[in-house]
Amino acid sequence: MAGRAVLLAGPPGTGKTAIALAVSQELGVKVPFCPMVGSEVYSSEVKKTSVLMENFRRAIGLKIKEVKEVYEGVCTELTPEETENAFGGYQKTISHVVIGLKTSKGSKQLKLDPTIYDAIMKEKISVGDVIYIESSSGAVKRVGRHDAYAHEFDLEAEEYVPMPKGDVHKKREIVQDVTLHDLDMANAKPVGGQDVLSMMDQLMKPKKTEITDKLRKEINKVVDKYIDQGVAELVPGVLFIDEVHMLDIETFTYLHRALESSFAPIVIFATNRGICTI
């Protein structure tokens, strides 16, 4: 269905947005859904076509599979060790954190950097959770709650998972869900001068960085290579453009060309007008 477009017309409150969202959810849980309004393309900082392409690439997902070395298991201990503040005062700082991980084959106690403890707090990890920590980057991911705690309550929204098998330190296939726009932003460089006045102007008035077509083409080549190698899988999502009657003939011409490319989502237009002149 990727590369197809459909127009929904009707008065406000008739369910145009709900239908577009339902289409996205029927395609899958991890399928991107990118809503936008036709008037968003008119900006003094970024070209109209660039705004459209940015939202196009927000609506195209990429499922990347990587094999990484991780520490995985059920969290049996989570103890932050505090020390005196180097700058004085009564407040203490965390020097390191001790975490215990257990699998069906064994257990291991790790001494981690305090920055990893911040990531643990963001993931809201507690004792009894099944987690894994990437050994290269220190990224922490909560998989779910150990199924030994499944009988605590009669009804709850927690996801329970079994205890991991094998050793604590192992190689694990990790699936990451990103969009093409995420890859664009990760590889884009800010535009501006290197002098002090230019840097101060960027700090006081941050402007939107426009991603070039050359950069997008280079990223598309890398994505094609990953898809051919079986490392990545393309997940076309849904781009929902409301108030489509606000677009002009230039943007419609660009949309027609973009829909013919190999990287194209399902586009759903919506308007509350009848027949109108573009």
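The following dialogue examines how several terms are applied to this predicted model.

Trainee: Why is Gln25 called exposed?

Mentor: Gln25 has a relative accessible area of 57%, and exposed means over 50%, so the residue is exposed. Its place is in helix α1, residues 16–27. Although 212 residues separate Gln25 from Gly237 in sequence, their C-alpha atoms are 9.6 Å apart in space.

Trainee: What makes the rings of Phe33 and Phe240 a stacked pair?

Mentor: Their centres lie 6.5 Å apart and their planes stand at 20°. Rings pair if their centres lie within 6.5 Å, and planes under 30 degrees apart count as stacked; the pair is therefore stacked. It links distant parts of the chain, with Phe33 in strand β2 (residues 33–37) and Phe240 in strand β11 (residues 238–242), 207 residues apart.

Trainee: Why is the pair of Phe252 and Phe269 called tilted?

Mentor: The ring centres of Phe252 and Phe269 are 6.3 Å apart, with the planes at 50°. Planes under 30 degrees apart would be stacked and those over 60 edge-to-face, the rest being tilted; this pair is therefore tilted. Phe269 counts as buried, because its relative accessibility is 11%. The structure holds 2 aromatic pairs.

Trainee: Which residues have the most contacts inside the largest nonpolar core?

Mentor: They are Leu52, Phe56, Leu239, Ile241, Leu255 and Val267, in a core of 19 residues. At least two residues of this core come from each of β2, α2 (48–58), β11, α7 and β12. Ile241 touches, beyond four places away in sequence, residues including Met36, Leu52, Leu255 and Phe269. In soluble globular proteins, nonpolar side chains tend to be buried together.

Trainee: What makes β1 and β2 edge strands?

Mentor: The open sheet of 4 strands has the order β1-β12-β11-β2, with parallel pairing. β1 (5–9) and β2 each pair on one side only, and they are the edge strands. From one strand to the next, the twist averages 20°.

Trainee: How do you know that β11 and β12 are paired?

Mentor: Two strands pair if at least two bridges are found between them, and 4 bridges join β11 to β12, which run parallel. The bridge partner of Ile241 in β12 is Phe269. Helix α1 lies across β1, β2, β11 and β12, at about 175° to β11, while α2 lies across β2, β11 and β12, at about 155° to β2.

Trainee: Why are the buried residues of α3 said to line one face of the helix?

Mentor: The buried residues of helix α3 (residues 114–122) are Ile116, Tyr117 and Ile120. Seen down the axis of α3, they fall within an arc of 105°, so they line one face. Thr115 and Lys122 are exposed on the other side of α3. The buried residues of α3 are covered by elements including β3 (60–83), β4 (93–102), β5 (107–112) and β7 (140–146). Just after α3, Lys124 takes a positive phi of about 55°.

Definitions and conventions:
Residues numbered from 1 in each chain as written. Predicted model: local features only at pLDDT ≥ 70, side-chain atom pairs only at ≥ 80, totals over all residues. Heavy atoms only, no water. Buried < 20%, exposed > 50% of the residue type's maximum accessible area, 1.4 Å probe, protein only. Phe/Tyr/Trp six-rings, centres within 6.5 Å; stacked < 30°, edge-to-face > 60°. Core = buried A, V, L, I, M, F, W, Y, C linked by side-chain atoms within 4.5 Å. Contact = heavy atoms within 4.5 Å. Axes fitted to C-alpha atoms, helices over the stretch in contact; angles between N-to-C directions. Arc of directions from axis to C-beta.
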